[in-house]
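Please walk through this fold with me, from the overall sheet to single residues. The structure comes first, then the explanation.

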Amino acid sequence: MRRVYRGSAAVRIDGRAAATVAVTIEFGGERPIFMIASTGSGPGELLWIAADDDDATVVFDPAGGRLTADTDHRHAPAAPPTWFAPAGGPLGNMALPQGADRAHAVLTVSASGLTGSLTMSGTRFDGTPTHCAAEVTAVAGTGRR
């Protein structure tokens, strides 16, 4: 059975607070096997969709209520986990998508909600490392399928 949760994620990019964004988390069922997505493209927005085992290793232990998702060099995701990082430019402040080389989520799941953390790390265009971390809190949403 697919589980759907809706809530928020307090996002930090390179150790600095970026934003608190609305998120939807889905897992289980057919496909995708795991998804966390926010609704915009501003700083701190998140997107990670794991449609199959090539995208990530996703494990849910219903007895312990623990969901883990990992992607790294062992995976070949069609689209990497992504966060939107703030970037200044001639047109003013904006956010650019930053793909992750590695991503890890640990969520504690109950019938009424979930809490946990998400981390992503990658490399900027100039070759310097960057990372994103988020603390997630969500409640069971409508739309269980």
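Two strands pair if DSSP finds at least two bridges between them. Keep that rule in mind for the sheet. The model is a predicted one.

Start with the overall layout. An open sheet is formed by 11 strands, and the pairing is antiparallel. Their order is S5-S6-S9-S10-S11-S1-S2-S3-S4-S7-S8. The edges are strand S5 (57-61) and strand S8 (94-99), each of which pairs on one side only. From one strand to the next, the twist averages 20°.

Now take strand S3. Its residues are 34-38, and it pairs with strand S2 (residues 16-27) in the antiparallel sense over 5 bridges. Glu26 stands opposite Met35 in S3. Thr24 has Ala37 in S3 as its bridge partner. Strand S4 (residues 46-50) is joined to S3 by 4 bridges, and the two run antiparallel. Here Met35 stands opposite Ile49 in S4.

How many of the 5 residues of S3 are buried? The count is 5 of the 5, so the strand is largely enclosed by the rest of the structure. In a regular strand the side chains alternate between the two faces of the sheet. In S3, Phe34, Ile36 and Ser38 lie on one side, with Met35 and Ala37 on the other. Both faces are covered, and these residues are all buried.

Next comes the core. The largest nonpolar core has 31 residues. Those with the most contacts inside it are Ile25, Phe34, Leu46, Trp48 and Met120. Leu46 shows how such a residue is surrounded. Residues up to four places away in sequence are not counted here. Leu46 touches Ile36, Ala37 and Ser38, among others. Its contacts also include Ala9, Val11 and Val23. Further along the chain, Leu46 reaches residues including Thr82, Trp83, Leu118, Met120, Cys132 and Ala134.

Thr82 lies in strand S7 (residues 82-87). Is this residue buried or exposed? Thr82 is buried, because its relative accessible area is 15%, and the cut-off for buried is under 20%. A polar atom of the Thr82 side chain lies 2.9 Å from the backbone oxygen of Pro80. Beyond four places in sequence, Thr82 touches Glu45, Leu46 and Leu47, among others. Its contacts also include Pro97, Gln98, Gly99 and Met120.

Aromatic rings come next. The structure holds 3 aromatic pairs. A pair of aromatic rings is described by the distance of the centres and the angle of the planes. For Phe27 and Phe60, the centres are 5.0 Å apart and the planes stand at 55°, so the pair is tilted. Phe27 lies in strand S2 and Phe60 in strand S5, so the pair ties together parts that are 33 residues apart in sequence.

Ile13 lies in strand S1 (residues 3-13). Ile13 is buried, with a relative accessible area of 6%. Leaving aside neighbours within four places in sequence, Ile13 is in contact with residues including Ala18, Gly44, Trp83, Phe84, Ala85 and Pro86. Thr130, His131 and Cys132 are also among its contacts. Ile13 and Asp61 are 48 residues apart in sequence, and 29 Å separates them in space, C-alpha to C-alpha.

Asp14 is found in the loop between S1 and S2. Most residues other than glycine have a negative phi. Asp14 has a positive value instead, near 50°. Asp14 is also buried, with a relative accessible area of 18%.

Definitions and conventions: Residues are numbered from 1 along each chain as its sequence is written. This is a predicted model: local features need pLDDT of at least 70, side-chain atom pairs count only at pLDDT 80 or more; totals for chains, interfaces and linings use all residues. Side-chain values use heavy atoms; hydrogens and water are left out. Buried means under 20% relative accessible area, exposed over 50%, partly exposed in between (1.4 Å probe, protein chains only). A polar contact is a pair of N or O atoms within 3.5 Å; within protein, one must be able to donate a hydrogen and the other to accept it, and residues adjacent in sequence count only if both atoms are side-chain atoms. Contact means heavy atoms within 4.5 Å. Axes are lines fitted to C-alpha atoms, for helices over the stretch in contact, and angles run from 0 to 180 degrees between N-to-C directions. A nonpolar core is a set of buried Ala, Val, Leu, Ile, Met, Phe, Trp, Tyr and Cys residues joined through side-chain atoms within 4.5 Å. Rings of Phe, Tyr and Trp (its six-membered ring) pair if their centres lie within 6.5 Å; planes under 30 degrees apart count as stacked, over 60 as edge-to-face and the rest as tilted.
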